Amino acid sequence: MGPFLAVMRRDLMLAWRGRTDVLVTLAFFVIVVCLFPFGVGPETNQLREIAPGVLWVAALLSTLLSLNRLFAQDHADGTLEQLLLSPEPTALWVAAKVLAHWIVTGLPLVIVAPGLALLFDLQQDALGVLVLSLALGSPILALLGAVGAALTLGLRGGGVLLALLILPLYVPVLIFGAGAVDAYLGGTGADAQLLLLGGGLLGALAGAPFACAAALRIAIE
Amino acid sequence: MMTDKLPRPNQPKSLLRFSAPQLFYPLAGRLAPWFASAAVVLAAVGLYIGFFVAPTDFQQGEVYRVIFIHVPAAWMSMFVYLVMAFWAAVGLVMNTRMSFMMAKALAPTGAMFCFVALWTGALWGKPTWGAYWVWDARLTSQLLLMFLYLGFMALTAAIEDPRRSDRAGALIALVGAVNVPIIYFSVKWWNTLHQGASVSLTNAPTMASTMLAGMLVMAFAAWAYTIAVTLWRVRSLILERERHTEWVGHELDLQEGRA
């Protein structure tokens, strides 16, 4: 567990020293969410209807936007190479980096989301389901995105490419995440969606760090 | 010790020797025209059956005839992705250059079939469902499959170093292959939750045997076409990758001389 904690501590500290970067992601999330009423009109019923989808799509886009920061800095200053050369298992410290990244970029979205949902007049008792779905779903986004970020490391136009690679893979998370809130509001209960999200999270935890480690080795060698 | 490993004349040669680009190049060149002619003949027969022999559908009229192109294209687009993922896995495990080149050569054809399936589906949907596009589970997963193809192609094109490009492409192809069933079932579930009773193709009335025959012949035509085009594409990939070798120089000299 030593290297895991060490890498996580380092990444969290680096994020803390560059706080504004983190706030930019959060600000992006807030602004995207606030754009939708201008696009579809201020009709309350309609806003209430689209709220879960809007929040989820915005969370997905801000995750995507933050992903290139996951490895880019370490790649530029050579830390990544040193980490790859180290005897520690790659998947372990990759998982640590992704977890730190999620704490910095994903967790704030989960915390802010209920406040934004109130702007859309989402029922207050559905807020818990929304938070839970984001808390389970956004780590999956970070884990899958890490694979894409590793594959596009250092490429020209990497950001757009990353979107093309990763967004189709995000669709199931979006479906179950937004679906959880919709199902709760529809009265069928969100258990099924939340369980599937939890299962997806466990599956991503088991698989993504290894895929990401392989992708990093491909990118660096 | 070493002499044991050399192929003896009376020993049958392994098919695996074609994993060497130098040997696969002429083989692909010999096979491709056969598959191309098979594709032309089968397509001609299939289209004839489809447009002239098969009876008019009593519910859908003449519109249904688009299935002779639509269904084989949709089958092929999914199958090509599987083959691509297979070659990607073989390449990553066995470290063979030919496998990556095969995966790369297959992708544009798969994407093309995806697009054809979506396009013909839209043309069929307008008169039948009254809309070019509905968010039906099959249509949506087909669209996402096309994005997976485009992502693979964009990634391999963006990386200049061939070794990295091959491996990165193979990895994303495999990640995509793992996700395809997840995407399909999630989309299906989403669709049933949101849309209620949607148009179903599965409980369509049983098909006349000539319709089925036309569709199967067209499917074989799509197979032959895919193989032919892939072999041609892989030949240019081989030439490009191996351009620094002596045999490619020799091969190009020969082709120049013949021209």
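Mentor: Begin with a term: two residues are in contact if their C-beta atoms, placed from the backbone, lie within 7 Å. Keep in mind that this is a predicted model.

Trainee: Leaving aside neighbours within four places in sequence, which residues is Leu55(A) in contact with?

Mentor: Leu55(A) is among the residues with the most contacts inside the largest nonpolar core. Once neighbours within four places in sequence are set aside, its partners are Val33(A), Ala113(A), Leu116(A), Ala117(A) and Leu130(A).

Trainee: Which helix gives the largest share of this core?

Mentor: The core has 145 residues, and Ala146(A), Ala150(A) and Ala215(A) are also among those with the most contacts inside it. Its largest share, 16 residues, comes from residues 158-186 of chain A, helix α8.

Trainee: At roughly what angle do the axes of α1 and α6 of chain A cross?

Mentor: Helix α1(A) spans residues 2-17 and helix α6(A) residues 90-119, and their axes come within 8 Å. The crossing is right-handed. Residues making the contact include Phe4(A) and Leu12(A) of α1(A) and Trp93(A) and Ile103(A) of α6(A). By class the contact has 14 nonpolar, one polar and two charged residues, and the angle is roughly 35°.

Trainee: Which element gives the most to the side of chain B that touches chain A?

Mentor: The contact takes 20 residues from chain A and 22 from chain B. On the side of chain B, 17 are nonpolar, three polar and two charged. The elements giving two or more residues there are α5 (137-158) and α6 (162-195) of chain B. With 13 residues, the one that gives the most is α6(B).

Terms used:
Residues numbered from 1 in each chain as written. Chains lettered and ligands numbered in written order. Predicted model: local features only at pLDDT ≥ 70, side-chain atom pairs only at ≥ 80, totals over all residues. Axes fitted to C-alpha atoms, helices over the stretch in contact; angles between N-to-C directions. Helix = DSSP H or I, 4+ residues; strand = E, 2+ residues; numbered from the N terminus. Left-handed = near helix turned anticlockwise from the far one by under 90°. Nonpolar A, V, L, I, M, F, W, Y, C, P; charged D, E, K, R; others polar. Core = buried A, V, L, I, M, F, W, Y, C linked by C-beta atoms within 7 Å. Buried ≥ 20, exposed ≤ 12 C-beta atoms within 10 Å, placed from the backbone.
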